[in-house]
Structures are given as structure tokens and as C-alpha cells.
Amino acid sequence: MNYMKRLFCSALLLILLNCIQFPVSVLAADNTSYTVTMRKEPNNTTWTNEQEEPERRRIPPKPIYCTISPEEISVAGLSEDIITYEVWNETSEICLASFNEEQEFLDFLFNQSGEFQITFVTENYCISGYISI
């Protein structure tokens, strides 16, 4: 009988130790990052490229790749500071949130679920793309 109590206590102790370590492993696995294809457009409304060339077609701009994780944002090839971080609904009609700080934006974004348009505004450019969380 005493042997059974020890075995039961040992098994219970192992289970409790695994339960204590479980949340740490869950947090480590939650280190998700998203790669978002974005478009970069001039932010200045007075900028124009109006050339009267009805016969020619313009080539779409080269996409910019952005990596977003709960800790940081990395935009490939962006040398300017981001002034505003925005989250829009998927149809780009309603601005759900706008932030001046990167971490506030990330905290908000990673507490949502669904598809959103994200926009980063710099002094000269507006960079936008869609993310599904």
C-alpha cells in the first residue's frame, strides 16, 4: 500500500512539473511572424507623374516585403522612420486604429483576428498591404 502511495505521488509530481513548464513552451511556440507583401506609394499629394502617354502602360511598382512579429516590424528597403502605424478593415473603408508607437500597433494587431489592411506612413511614402491573423 505504501508503494502505491509513493508511485501515485511521484506520478502526480511529474504531472505538476510538466504543467508548470507547459506555459513556457506555449509562449515559445507563439513566436509567430508574418511576411506581408506591401505597396509603396508617394505620400505627397502634390507629387504627380502626369505624362501624356496614352499608348504606354506603366509597370506596377516592385512589391516591398515586410516581416511582422509580436516584437518588431522589419520593412525591407525602407530607410525612413515610420510616423504612423494604421490598421484598416479588409475593405480599406474604416480605420480601426492609428498609432505613433510601433509596440502599441503590434499589441493591438496581435490581439485581433481576421484580415486587415495595415498602413505605415513615413514623411515621403505610404506603405500598405494586407495581413490575415
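**Core, rings and charges in a predicted model**

The structure holds one salt bridge, meaning a side-chain nitrogen of Lys or Arg within 4 Å of a carboxyl oxygen of Asp or Glu. This is a predicted model, where local features need pLDDT of at least 70 and side-chain atom pairs count only at pLDDT 80 or more, while totals for chains, interfaces and linings use all residues. Residues are numbered from 1 along each chain as its sequence is written, and side-chain values use heavy atoms, with hydrogens and water left out.

Q: Which side chains meet in the salt bridge, and at what N to O distance?
A: Arginine 39 is partly exposed at 48% relative accessibility, and glutamate 41 is partly exposed too, at 34%. (Buried is under 20% relative accessible area, exposed over 50%, partly exposed in between, with a 1.4 Å probe and protein chains only.) The pair and its N to O distance are arginine 39 and glutamate 41, 1.8 Å.

Q: How many residues does the largest nonpolar core have?
A: A nonpolar core is a set of buried Ala, Val, Leu, Ile, Met, Phe, Trp, Tyr and Cys residues joined through side-chain atoms within 4.5 Å. Here, those with the most contacts inside the largest one include Ile73, Phe105 and Phe120. The size of that core is 21 residues.

Q: Which helix gives two or more residues to this core?
A: Helices (H or I, at least four residues) and strands (E, at least two) are DSSP runs, numbered from the N terminus. Strand 3 (73-75) and strand 6 (115-121) are among the contributors. The helix on that list is helix 2 (102-109).

Q: Is the phenylalanine 105 and phenylalanine 120 pair edge-to-face or stacked?
A: Rings of Phe, Tyr and Trp (its six-membered ring) pair if their centres lie within 6.5 Å; planes under 30 degrees apart are stacked, over 60 edge-to-face, and the rest tilted. The count comes to five aromatic pairs. In this one the centres are 5.7 Å apart and the planes sit at 80°, so the pair is edge-to-face.

Q: Why does the phenylalanine 105 and phenylalanine 120 pair tie together parts that are apart in sequence?
A: Phenylalanine 105 is buried, at 0% relative accessibility, and phenylalanine 120 is buried at 0% as well. The pair ties together parts 15 residues apart in sequence because phenylalanine 105 lies in helix 2 and phenylalanine 120 in strand 6.

Q: How many disulfides does a search of the whole structure find?
A: A disulfide needs two cysteine sulfur atoms within 2.5 Å. Cysteine 66 is buried at 0% relative accessible area, whereas cysteine 95 is partly exposed at 35%. The number of disulfides found is zero.
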